[in-house]
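Here is a short briefing on one protein model. It covers a cavity, charge pairs, strands and helices, in that order.

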Amino acid sequence: GAGRAMMGTPPRTRTAMAVESNIVSYAQVAEGARTAAESGDRIAAIQLSLVFLPLATPVSDAKVLTGRQKPLTEIAFIFAEITSRDGHRGIGFGYSKRAGGPGIYAHAKELAPNLIGEDPADIQRLFTKLLWAGASMGRAGLTTQAIAPFDIALWDLKARRAGLPLAKLLGAQRDSVQCYNTSGGYLHTPLEQVLKNVEISRASGIGGIKLKVGQPDLKIDIERVGAVRKLLGDDFPLMVDANQQWDRQQATRACRLLEPFDLTWIEEPLDAHDFEGHGLLADRFDTAIATGEMLTCFDEHAQLIMAGTDFIQPDAPRVGGITPFLKIMALGEFKQRKLAPHFAMEIHLHLAAAYGLEPWLEHFEWLGPLFNEQLQLKDGRMWVSDRPGLAFSLSEQARRWTAETAAFGTAP
């Protein structure tokens, strides 16, 4: 009959225990149980260092040829080494080219005391705390760049404590990232040497070549790009970078002349804050448009992403560290923007490895002497090491290039 249970299925019976739905009650935790706030680790000590990395040959891009900047002769690095009460350590860095390094270091010294005694796992909260500490200077530029060494060091510490490479802690999408070279194609480098550098890079296993453009005479740019494309052949990835030196009309003309070279992207054809203009170029040409390296906070990148450029190029030390970089990645992936982080491959390898769309990594050998460990390049890709965290430590050469240090707290 309709009231009978199906054959083989025991009838439902009311159990002796049921959840009371008519009376409010509160469970009691086990005796001796502690909250995360009570049991967490604490930041015990921080050491800051201001390091100047000298360049043997002054570097010039389009900004130098147009008189906007002087040739680059050194890079200032601000390192933060954080030690926790339980003995965990992390290292991070920020940097500045030409001007600003001592200013970032000075503000970092103001920020450091705010971290002593805090739980190093609370990275999101600590980023906000440091942002508010310098809020009168705004939420971009030097303010965020001074936060970056601490934020990056905290992520490094977290991954080391977990015994994982940072890419794995974040949830890697891949174990290697396709990698291109920039340093061999600057405007100050004669074309003959550029071609030699291209051959060296390709023989060393690089996956792409980027060439600087933005000469006062566009014909020279086209000649140099054409020579490199001829040497590489039609299928090898080739990019160009104008370093913000064209207005919209000049950029339109240049992009049209560069289309036949089948470039992977045309980088910074316009002022970095002309978000609309980059979006218009991306809509108009088949060649992808890339930009974003000069932006210094999430909000600026959000505007760029919504405007529609093809490749976003955030820089973790410039935007304030890994915490805001992850927000940029999330929005970029949502809007289907491709990713090619700027500079600092030691950090960006891990972040690019966790991006949903196939990214590119920029190879700069300049930072090599700063670290005891080197990254592995093979078959056009940079591979994530099995070492935990960001997988680097400061070299003795970095210590010799150190101009100033400051210590906070007491190491355990």
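**Cavity**

The lining of the largest cavity consists of Asn181, Gly184, Gly185, Val194, Asn197, Val198, Ser201, Ile209 and Lys210. The model is predicted, and its side-chain atom pairs count only at pLDDT 80 or more. Lys210 also takes part in a network of salt bridges.

- The count comes to 1 cavity of 30 Å³ or more.
- The largest cavity holds about 40 Å³ of space.
- Helix H7 (191–203) and E5 each supply at least two residues of its lining.
- H7 gives the most to that lining, with 4 residues.

**Salt bridges around Lys210**

- The structure holds 18 salt bridges.
- One of them joins the side chains of Lys210 and Glu267, at 2.8 Å from N to O.
- Lys210 sits in strand E5 (residues 208–212) and Glu267 in strand E7 (residues 265–267), so this pair links distant parts of the chain, 57 residues apart.
- Lys210 is buried, with a relative accessible area of 2%.
- Glu267 is buried too, with a relative accessible area of 1%.
- Glu362 and Lys210 also meet through their side chains in a salt bridge, at 3.1 Å from N to O.
- Glu362 lies in strand E11 (residues 360–363) and Lys210 in strand E5, so the pair ties together parts that are 152 residues apart in sequence.
- Both Glu362 and Lys210 are buried.

- Arg248 forms a salt bridge with Asp274, and their closest N and O atoms are 2.8 Å apart.
- This pair links distant parts of the chain, 26 residues apart.
- Arg248 belongs to helix H9 (residues 248–258), while Asp274 lies in the loop between E7 and helix H10 (275–284).
- Is Arg248 buried or partly exposed? Arg248 counts as partly exposed, at 34% relative accessibility.
- Asp274 counts as buried, at 18% relative accessibility.
- Side chains of opposite charge can pair when their charged atoms come close.

- Strand E4 (residues 176–181) is mostly covered, with 6 of its 6 residues buried.
- Ser176, Gln178 and Tyr180 point one way from E4.
- Val177, Cys179 and Asn181 point the other way.
- Which way does E4 run relative to E11, parallel or antiparallel? E4 and E11 run parallel, joined by 4 bridges.
- Tyr180 has Glu362 as its bridge partner in E11. Glu362 is the residue that forms a salt bridge with Lys210.
- E4 and E5 run parallel as well, with 2 bridges between them.
- Asn181 has Ile209 as its bridge partner in E5. Asn181 and Ile209 are both among the residues that line the largest cavity.
- E4 pairs with strand E13 (residues 381–383) in the antiparallel sense, over 3 bridges.
- Gln178 stands opposite Arg381 in E13.

**The open sheet**

- An open sheet is formed by 4 strands in the order E3-E2-E1-E14, with antiparallel pairing.
- Strand E3 (89–97) and strand E14 (402–409) stand at the edges.
- Each edge strand has a single partner strand, so one side of each is left without a neighbour in the sheet.
- Neighbouring strands of this sheet are turned by 15° against each other on average, direction ignored.
- Strand E1 (residues 43–59) pairs with E14 in the antiparallel sense over 7 bridges.
- Ile46 stands opposite Phe408 in E14.
- Strands of a sheet pair through backbone hydrogen bonds, either parallel or antiparallel.

**Helices H10 and H11**

- In H10, the buried residues are Phe275, Gly277, His278, Gly279, Leu281 and Ala282.
- They pack against H9, strand E8 (289–291) and helix H11 (298–307).
- The buried residues of H11 are Glu300, His301, Ala302, Leu304 and Ile305.
- What do the buried residues of H11 pack against? Their partners are H10, E8, strand E9 (311–312), helix H12 (316–319) and helix H13 (322–334).

Conventions:
Residues numbered from 1 in each chain as written. Predicted model: local features only at pLDDT ≥ 70, side-chain atom pairs only at ≥ 80, totals over all residues. Heavy atoms only, no water. Salt bridge = Lys/Arg side-chain N within 4 Å of Asp/Glu carboxyl O. Buried < 20%, exposed > 50% of the residue type's maximum accessible area, 1.4 Å probe, protein only. Pairing = 2+ DSSP bridges. Axes fitted to C-alpha atoms, helices over the stretch in contact; angles between N-to-C directions. Contact = heavy atoms within 4.5 Å. 1 Å grid on protein atoms, 1.4 Å probe; cavity = no way out; pocket = protein on both sides within 12 Å on 5 of 7 lines; lining within 4 Å. Points joined across faces, edges and corners; volume = space filled by probe spheres on them.
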